[in-house]
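I recorded each entry as I looked it up.

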Amino acid sequence: MNGTVLRVEWFRWVRTRRLVALAAAFVLFGCVSLFGAKYLPDLIGNSADIKLLRVPDWRDGLQQYIKNTGLLVAAVAMILAAQACAIRDTDPVGIFYLSREVSPIRLYLPRLMVAAGVIAAAATIGAAVALYECWALFGSYPMAPALGSLAVQAVAIVLFAMFTAALAARLGSAGMAVAITAGLYVLCLLLSTVPRIQPYLPTTALQPAIDAAGWSAAEAAKSVLALVIATGLALAVALTTPIRAIKTPA
């Protein structure tokens, strides 16, 4: 693999504005989520029906950011990654690629690598914005537990998007890959009601709880284990299936 291929994939993210959309989503929720948590008492202060049990603090601000990014922004990331990696055998551009390349690694690996790098960078920027906003709105706070939860979530979002992107590469359809991933996500939400398996579900890593005690390495490993296995299997299938074996129209 040479640098030219990676630069081509990078420019595809830039010129299709996928990069702008993804970075804007992380930055937007990094700002808005914490404002909402901070000023919630003012918003409902005149309500006689709703009473807050305590004044929101830094944990509530970061937790709101994690909830929003773990659902909405993670969905944006997986859709954009799937679009970047799906090559349809019915499109002119797809026919061009699939008729000239025989190695799935040379065709898909640069797309997957650039997509993973872009999503990781965007998640890091969003987390940095959220940490700064948290300090500006709530004052000083313990950095270690905040960084631990945000790091677990960033890893989960990248794996989540790579799983979908690998499915899209194998199926040749971003829509089918997103639909399958969304179905698995809903299944995990239903299973999360079972306390014994909840720590092992991807949804736990996508929306980790902010705790002053922080996450232990064992807890973090348990939460991303299923995502690591599923993503590894999906990548292996996408990168080892011969291109000529992928179904083409009669």
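This is a predicted model: local features need pLDDT of at least 70, side-chain atom pairs count only at pLDDT 80 or more; totals for chains, interfaces and linings use all residues.

Entry 1, second largest pocket. I looked up the second largest pocket and noted a volume of about 210 Å³. A pocket here is an open set of points on a 1 Å grid over the protein atoms alone, with protein on both sides within 12 Å along at least five of seven lines, and its lining residues have an atom within 4 Å of a point. Grid points are joined across faces, edges and corners, and a volume is the space filled by probe spheres set on the points. The lining consists of Phe-160, Phe-163, Thr-181, Leu-184, Tyr-185, Cys-188, Leu-201, Pro-202, Thr-203, Ala-226, Leu-227 and Ala-230. Two or more of the lining residues come from each of α7 (143-171), α8 (174-191), α9 (202-206) and α10 (217-240). Helix α8 gives the most, with four residues. By class I recorded ten nonpolar, two polar and no charged residues. In this scheme Ala, Val, Leu, Ile, Met, Phe, Trp, Tyr, Cys and Pro are nonpolar, Asp, Glu, Lys and Arg are charged, and the others, Gly among them, are polar.

Residues are numbered from 1 along each chain as its sequence is written, and side-chain values use heavy atoms, with hydrogens and water left out. Helices (H or I, at least four residues) are DSSP runs, numbered from the N terminus.

Which residues form a nonpolar patch on the surface? I found Leu-171, Met-176, Ile-180, Leu-184, Leu-187, Leu-191, Val-194 and Ile-197, with about 610 Å² of accessible area together. Patch residues have over 30% relative accessible area and no salt bridge, and nonpolar side chains (Val, Leu, Ile, Met, Phe, Trp, Tyr) are joined within 5 Å. The areas come from the Shrake-Rupley method with a 1.4 Å probe, and only the protein chains shown count as cover. Helix α8 supplies the largest share of the patch, five residues. Leu-187 is placed in α8.

I noted a volume of about 270 Å³ for the largest pocket. Of its 14 lining residues, Val-5, Tyr-97, Glu-101, Arg-106 and Leu-107 are the closest to its centre. Helices α1, α5 (92-100) and α6 (104-138) each supply at least two lining residues, and α6 gives the most, with five. The lining divides into eight nonpolar, one polar and five charged residues.

A cavity is a set of points where a 1.4 Å probe fits but cannot get out. I counted one cavity of 30 Å³ or more. The largest cavity holds about 40 Å³ of space. Its lining is Phe-26, Tyr-65, Ala-123, Ala-127, Leu-150, Gln-153 and Ala-154. Both α6 and α7 give two or more of these residues, and the largest share, three residues, comes from α7. The classes are six nonpolar, one polar and no charged.

The 29 residues of α7 should span 42 Å at 1.5 Å a residue, and the end C-alpha atoms are 42 Å apart, which agrees. The expected span is 1.5 Å times one less than the number of residues. Gly-172 follows α7 and has a positive phi, near 70°. Helix α1 (residues 3-15) has 13 residues and reaches 18 Å from its first C-alpha to its last, close to the 18 Å expected. Arg-17 follows α1, with a positive phi near 65°. I counted three salt bridges, each a side-chain nitrogen of Lys or Arg within 4 Å of a carboxyl oxygen of Asp or Glu. One of them joins Glu-9 and Arg-12 (2.6 Å, N to O). These two are about one helical turn apart because three residues separate them along α1.

Definitions and conventions. Patches are made of residues with over 30% relative accessible area and no salt bridge: like charges are joined within 9 Å, nonpolar side chains (Val, Leu, Ile, Met, Phe, Trp, Tyr) within 5 Å.
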